[in-house]
Each structure stands twice: as C-alpha cells, then as structure tokens.
Amino acid sequence: MSFNLAEREDTIIALATPQGVGAIAVIRLSGKNAIKATNEVFFGKNLEEVPTHTIHFGTIRDGEKIIDEVLVSVFKAPKSFTKENVVEISTHGSSYIINQVLKLFVRKGIRLAKPGEFTQRAFLNGQFDLAQAEAVADLIHADSETSHQAALNQMRGGFSSEIQELRNQLIHFASMIELELDFVEEDVEFASRDDLRTLVERILRIVEELILSFDLGNVIKNGVPTVIAGKPNAGKSTLLNALLNEEKAIVSDIAGTTRDFIEDEISIGGVIFRFIDTAGLRETTDTIEAIGVSRTQEKMKTASLILYLFDLSDTDLVEINRDINKLENLGVPFLKVANKTDKAKENIISELKEKHPDTIFISAGKKENLEGLKARILELVNLDKFRTGNTIVTNVRHYDSLTKTRESLLDVLSGLDQEVTNDFLAMDIRRSLHYLGEITGQVTTDDLLANIFSKFCIGK
C-alpha cells in the first residue's frame, strides 16, 4: 500500500464502526469536498452554512429515494481530526443501508479510504507526530488499564516531547560543529568538546533508560506469557480454572490428563497475563504425553514468568529442592507455589517456610490465598516505574531506532576520545539525529509510512 500526493487531494470515505449489524453505524468522510458532497444528498439543514462541531438530523437520499434517517456531524477545517473538512454520518446499523450510502458517495467521486488513511492525513497535516499517530492504533487495541494508559500518554505527546528535546540539544551542537568546517583555516571552536561530551553522555543515559523500559512496555502492550508448570496432579488445571473463574481445563485425579497446553487471559492489576496450563513434567512411555511434556519444557524456556506448583500432599523437601535447582538453571523468573495446603503432609509447610521463605502457599481447589498469589505475580512485573509517570517504550520500531541512536552516540564519544576531525564528528551526530527523527516522523520514507498505516483498520 502506498500514498501519493494526488491521492491526498481526494475526499475519502469509510465505515468507522465495526463491520456487522448493530444499532448504529458511523460513516466518515474527510477532504475538501466532504461537506459539499454530503450536503448534496442530505435533506435537512444546509451543511455548508452550519457552524463547525454541530450535529444535524435529516435524511440521506438517492434522488427521490430515502436511504435512511441520519445524524450528520460537521467538523470544518482545520478544527478536525485530519485538519480537513470532516463529516460523520450516523446511520442505522443495517449492512444494506451502509452499502447504499457508501455506493452513493462513490458514484459522486468520493474515494474509498485505505487502512489508516484518516490518521495518516492527520499526521501529514501536522495534527500530531508519527509516534502519536501510532499511539492511536495502540489506544484502539488496548485491552487493559495499563495498555490504555500507556497509549494515551504517548498519544498526548509525552514520549514525543522527550525525544524532541533530545534532538533540539543535539541539533545545536551539530550546527556549531558544521559551522567550524567553514572556518577550518582559522582554527576556531564554536562548540566546546567538553560540553558536547557532557551532553552526549547525558542523552545516552536517557536513551538507555528508554531502551531498558521496553521490557516493561512490551508487557504492558502485549501481556505476560505465564506458564503454570509442575508434576502431574499438582493442581495446574485447577489453578488455571480458579484464576479464570471458569472450567477452562479438564480436572481429573488421573495423572497426565493435560497432554497439550491450554491458554487464556486474565487482567490482574490492570495487566494482561496469558496463563498457559501445561502437561505435567515426568518421565513417561506414553508417546502423546511425552510430546506434551516436551512442549511444556519449550514453553517454560520462552515464558516471561513460571508458576511452578508443588503438590504438598505428595512431595517432600528433597524433591522440591531438586525441582527448584532445575528452575534456577533455566534462567526464567519463577514463583514457588505450594498447592493443596489443606492436604499437606505433616511438617512440610514449616520446612518449606524455613528453607524457602518466598514460597506462596495456596489451595487452588478451595481458592485459598489466590489474591496473595496475584499480588506476588504483580510484584514481579514491577509497574512502579510506569505508575510514577516515567516514559515507557511500547513500540518495537521505537526500540529499534533508540538502539541505533545509542550506537551512534557511542560513536560520537569514541570520536571525541580519538580526536577525529569535525566532519566525522558531525556525521555521527547527524546519524543520531536521523534515528531520533525516525521515531517522531521528522525523518521518514513513503515505505515506512505505508508499513505503519497499513496496519490500522479502515476508517481510522
């Protein structure tokens, strides 16, 4: 998908609400002729004479034929989402009505919008920068409190302001160093190398903090893949059902009931966790169960968090210690969860508390201390940094550009150490500016824009 200059002059139209039958549907137009074209088929007030940001009742007609009674919202340029004339027509949600309205406007020369074209026009017309435009899509797809807040913060420009401030400071030094190139024979220095080093080191610290925040940002945006693992009959499926508050997994006293993984999502403290119930870990001659055990081991390696269940009714401290050692060697964060406290062997609880005081004791079957388990899970996610208002990177494209920025800034410091000539120093600074500019769209290409906006839904 690509956008060209000629297409930007078109007036576009699309359904802005989801496909399917509903109470109402909203059809959006944007472009120079949006109000004029709507006025030609709308019978009510003269839309070209009404004030901006007003709503009007009337009918949409194809000649003498009434298609529907509608409400029409009018937004006159530049005070609209796209900074163009925008009209939103609220019709009844019949797919027949929607198609008739769209066909009517297409016959009048209005072009069907491409995915993300409304938001792309808003970006190209200076409504917001590229990072803010991407946040629009994130906001639409936000399915938890934290992902919603992260997208809202980015859309309102917090991240963009921080990036722009870094660029502005670098631009000043880059211009001073390039000015020195014009006076090379006079051997003058407009930019203090000590001040430049101090600035680059400070920006580098900020960039590295943003890069490190991506792990948390990825959790906020995509959820935490959390594997529930343990021996057969440890209560893994019972725990999954208890957390979800529904009978998602089959529960049985027969060992090896779960032979493949079962996955579902739950929001804890505003964060989405993707819980994965896995096959019990044990040696087995059953071919199918062995495949399930192998898949469990693979899931554990790629998880962000493991809840490892110990069956207090059928285990001892020696076996628990052996399993904990294996988990520590895996290198994945894990919680020790002692299950079936109501059926525990004598002294096992006190022994565990003494040897492993960070163990969480629950009874999944009786739903005891599940809130304590959830609290410990949230502690590992560490949302304190997010909740204090720090900028969090949630977009992999931004992460990639920040990583390249860091490499370029390190090259600047290396150049200062080696006392390279101004032209090489200026080149490394400009490269840093380029990668920072990619984030906000001050440096971009048609291919990049096409790739970003093609992932938006049509009508946004």
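**Figure 1. Overall fold of the predicted model, with its secondary structure, burial and surface.** The protein chain of this predicted model contains 18 helices and 13 strands. Of the 460 residues in the protein chain, 49% are buried. When contacts between residues at least 6 apart in sequence are considered, 66% of them join residues at least 24 apart. The accessible surface of the protein chain amounts to about 22,700 Å², and carbon and sulfur atoms account for 49% of that surface.

Figure 2. R121 belongs to helix α4, which covers residues 117-124. With a relative accessible area of 2%, R121 is buried, because buried residues are those under 20%. Once its neighbours within four places in sequence are set aside, R121 is in contact with E7, R8, D10 and I12, with S30 and G31, with T82 and E84, and with R111.

Figure 3. An unreviewed UniProt entry lists S237 and T258 under "binding site". In the model, S237 is part of helix α10, which comprises residues 236-244. The relative accessibility of S237 is 9%, and S237 therefore counts as buried.

**Figure 4. Close-up of the cis peptide bond between A77 and P78.** The peptide bond leading from A77 to P78 is cis, and its omega angle is near 5°. P78 itself is placed in the loop that connects β5 (65-75) with β6 (86-93).

Figure 5. Although K340 is not a glycine, its phi angle is positive, at about 65°. The residue K340 sits in the loop that runs between strand β12 (334-339) and helix α13 (348-355).

**Figure 6. Close-up of E419, a residue between two helices.** E419 occupies the loop between helix α16, residues 396-418, and helix α17, residues 422-440. The phi angle of E419 is near 55°, which is a positive value in a residue other than glycine. E419 has a relative accessible area of 70% and is classed as exposed because that term applies to values over 50%.

Conventions:
Residues are numbered from 1 along each chain as its sequence is written. This is a predicted model: local features need pLDDT of at least 70, side-chain atom pairs count only at pLDDT 80 or more; totals for chains, interfaces and linings use all residues. Side-chain values use heavy atoms; hydrogens and water are left out. UniProt positions are given in the numbering used here, feature names are shortened, and annotations may be inferred rather than shown by experiment. Helices (H or I, at least four residues) and strands (E, at least two) are DSSP runs, numbered from the N terminus. Buried means under 20% relative accessible area, exposed over 50%, partly exposed in between (1.4 Å probe, protein chains only). Contact means heavy atoms within 4.5 Å. Accessible areas come from the Shrake-Rupley method with a 1.4 Å probe; for residues, only the protein chains shown count as cover.
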